[in-house]
Structure formats: structure tokens, C-alpha cells
Amino acid sequence: MPITVPSILDAQRSGVEDGRIRPGTSKPSTNPNAKPGTRVPVRLQKWRLTSSNQKAIEAVATRFGGTPQPWAESRRGTQWEVITETNRLPIFIPPAVALDQWMELWSGGKCLRRCEGGPGAVNTRNRRPCECPSDDAERIALAKQNPPAACKTMSRFRVRLLDVPGIGFWRVECGGFHGAVEMKATVDTLAALAGQGRHVAAFLRLDWRTEPGKQYVVPTIEVPETERQILAQTATLNEIAAGHSSLGMPTARPQITAGPATAPIPAPAAPPPADSADPEQVTAQVRQIAAELRAVALTDRDAGTRIRAIGNEAHRRGLLDEYIPDTDPATTVRDTVLDLIAAVAAGHKDGSE
Ligand SMILES: [Zn+2]
């Protein structure tokens, strides 16, 4: 069996995720002919977040509203979910992130078809020509059936959510034509800027639109800064990487600008308490973590995995948001982990593979 590239990519992506950001949920089907247990998708007015990390979902609920609860219907092991009270989440687009778009057909939680669309498209699930009709109107009609009978657009990309326990990477998943078209240029641009160290504060918004006879939801990315403000930030990832190679730690950080002060978001959740209340012990533990991070050679094949393991351990011990002693400007463990992951990702992207 050949190894299909999308499956490797999926595995790599899910390995660096804290959870997923979704514009919808599901409910039991009311169709009397449907098989028992069949669920149908429901579009939401507010963002829904799911994760295997209960603490992360609780922090999301504290910050963005909603009631955290176990996600009973999940097919991915024990998962938690919260339907927030906001349609506007503050995010950063990490470097080296691309909007990953496919035409897909899902049934019972399984992806049956994944193709690039258009005539001659190959279903990457079985390496055969996709069974969808080549006529687009016909395909759209089949895709709208319940359950769907043809592929439809699915877009995915990763964002950073700050002030939520974990490494900070969440995957946005959304179907639909408009979102796919409108977000591509923005995601590509913000990821390219982040690759140069220009981290742009943005908002992920669920935009409900009404046209005669129909109402639909489009996920969009809002960038409050002007291009001139974005370009005024000068620190680049290369400059940070140069700091890593000489001192082992970043000597300069890109200035991360806060978004505009928008009212409805309550204060951030408090980070988990550190293992030990003794400040000297905490400092010693943070020094140890910083030393472990420094010891990782960024060019090693498993560098990303090791950095994430150290980051997860720091999170478990409540040390992710502690400042590393003797860093100037003051840098937290979380910032360093994210910088290192970004540097590793950028290195892999530049590599010949
Ligand atoms: Zn297809």
C-alpha cells in the first residue's frame, strides 16, 4: 500500500493541536428513514471549541463564555466541548501555516472521498478517480443531500489562541464555498508575515449573511491593523533564529501587538497554579526547562516532538507562563516553546523535502 501524503499531513497536524474551532455542531436526525444514531450538522451563531484537554475548554469558557461539557458524540476518544458566546475570537496566524483545502465527502464520522475537485479529480482515500459528477451544479445538488452524496469544500488551518492552557495551536475547520474563497488570501498573507516575524493580531469571525431565500454562515478573518502598521514591525524570524544560535535563547522578540480593545471579552483566565508555591523552586524549575529547550538541536528530525513534550510537561507543572530568568526582553516558557516550534517549522519548510 502506498503511503498517501494527506494521511501523513493529517497525522503531523493533529500532533501539534490543542483542539479544534468549529462553526457548527450536530443533532440527531429527525428523518424517519435515517439509520438509528444518524446525526445531522447544525450551523451555529457562535464559535464552538472542542479538545481532549478539559482545562483548555474550561479556560475557553471562562474567557469567551459558554458551558464546558463532555462531548458525548466524539469519535476521537474523550473530548470536551464548549459553545462560546462569541462570534469573534482573537487569534494569531502562526508562520508556515497554509490554508489546506480539499473537496470532501464525510459519512458517519469517516472521510470517504477527498479530492481536488474538477474533471479528472482523484479520490486520495482510495487513489481512484473521484466518484463525484464532473458537472458542478450536479455535484452541488448531491453534496446538499442529507446524507451528502458528493464532495464539498472543506478548509482547515491552524491558529494560535493565547491565554488558553496548552501549546496554543488550534485547528479551524469549516466547510463552504465563500469561506474557502475569502480566507485563502488572508491566511496566506498573515502566515507569510508571521514567517518574517511580523505577528498580526486578527479576529476569527463567524459572519451570517442573508440573501433572498437563504441564510448562510461564512468564517472570515478580520485584521484590525493597517498594512503600514503591520510593516512597521521589524523583528524577523531570522533575527530570532540568529539569537538562538549564539545564545541559545531569543535575544529579540517580534512585537506582538494587542488587537483593539473590544468590549465583550471578559478578563483572561488565570493560568494553572505552579506545582510549588516556593518562588525559588519555581525559578529553579523554569531554569531547568529553559536548559532542556536549549539542548534541543533545531535541525534534528524529532526536534518539534521534543519541544512539544517539554512544553506539555511545563504546562502540566503550571510553568508555561512563568518568565525565564535573565531574559531581556522578559520571555515566558510558552513564548520560547512557540518560537522554537515556529523555527523548526520554518526550517522544515525551507528544507529540500
Ligand atoms: Zn470528490
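Visitor: How many helices and strands does the chain have?

Guide: Nine helices and 13 strands. Keep in mind that this is a predicted model.

Visitor: How much of the chain counts as buried?

Guide: Burial is read from relative accessible area, with under 20% as the cut-off. Of the 353 residues here, 46% count as buried. The chain exposes about 18600 Å². Carbon and sulfur atoms supply 53% of that area.

Visitor: What share of the contacts join residues at least 24 apart?

Guide: Start from contacts between residues at least 6 apart in sequence. Of those in this chain, 62% join residues at least 24 apart.

Visitor: Now the metal. Which residues coordinate the zinc ion?

Guide: Look for N, O and S atoms within 2.8 Å of the metal. Here the donors are the SG atoms of C115, C130 and C151. Their distances run from 2.2 to 2.4 Å. Water is not among the atoms, so a site may look incomplete.

Visitor: What spacing do the donors follow along the chain?

Guide: The pattern is C-x14-C-x20-C. C115 lies in strand β7, residues 110-115. C130 sits in the loop between β9 (128-129) and α3 (136-144). The pair therefore ties together parts that are 15 residues apart in sequence.

Visitor: Are C115 and C130 buried or exposed?

Guide: Both C115 and C130 are buried.

Visitor: On to helix packing. At what angle do α7 and α8 pack?

Guide: Read the angle between the N-to-C directions of the two axes. Helix α7 covers residues 279-295, and helix α8 covers residues 303-316. They pack at about 170 degrees, with axes 10 Å apart. That angle makes α7 roughly antiparallel to α8, because angles over 145 degrees count that way.

Visitor: Which residues make the contact?

Guide: From α7, the residues are I289, E292, L293 and A295. From α8, they are R306, I307, I310 and A314. By class, the contact residues divide into six nonpolar, no polar and two charged.

Visitor: Take I307. Where does it lie, and is it buried or exposed?

Guide: I307 lies in helix α8. Its relative accessibility is 0%, so I307 counts as buried.

Visitor: What is I307 in contact with, leaving aside its neighbours within four places in sequence?

Guide: The partners of I307 are L293, V296, L298, V337, L340, I341 and V344. Consider V296, which is 11 residues from I307 along the chain. The C-alpha atoms of I307 and V296 are separated by 7.3 Å. L293 also belongs to the α7 side of the helix contact.

Technical notes: Residues numbered from 1 in each chain as written. Predicted model: local features only at pLDDT ≥ 70, side-chain atom pairs only at ≥ 80, totals over all residues. Heavy atoms only, no water. Axes fitted to C-alpha atoms, helices over the stretch in contact; angles between N-to-C directions. Helix = DSSP H or I, 4+ residues; strand = E, 2+ residues; numbered from the N terminus. Parallel < 35°, antiparallel > 145°, perpendicular 65-115°, else oblique. Contact = heavy atoms within 4.5 Å. Nonpolar A, V, L, I, M, F, W, Y, C, P; charged D, E, K, R; others polar. Buried < 20%, exposed > 50% of the residue type's maximum accessible area, 1.4 Å probe, protein only. Areas by Shrake-Rupley, 256 points an atom, 1.4 Å probe, with all protein chains shown as cover. Donors = N, O, S within 2.8 Å, 3.2 Å for Na, K, Ca; no water.
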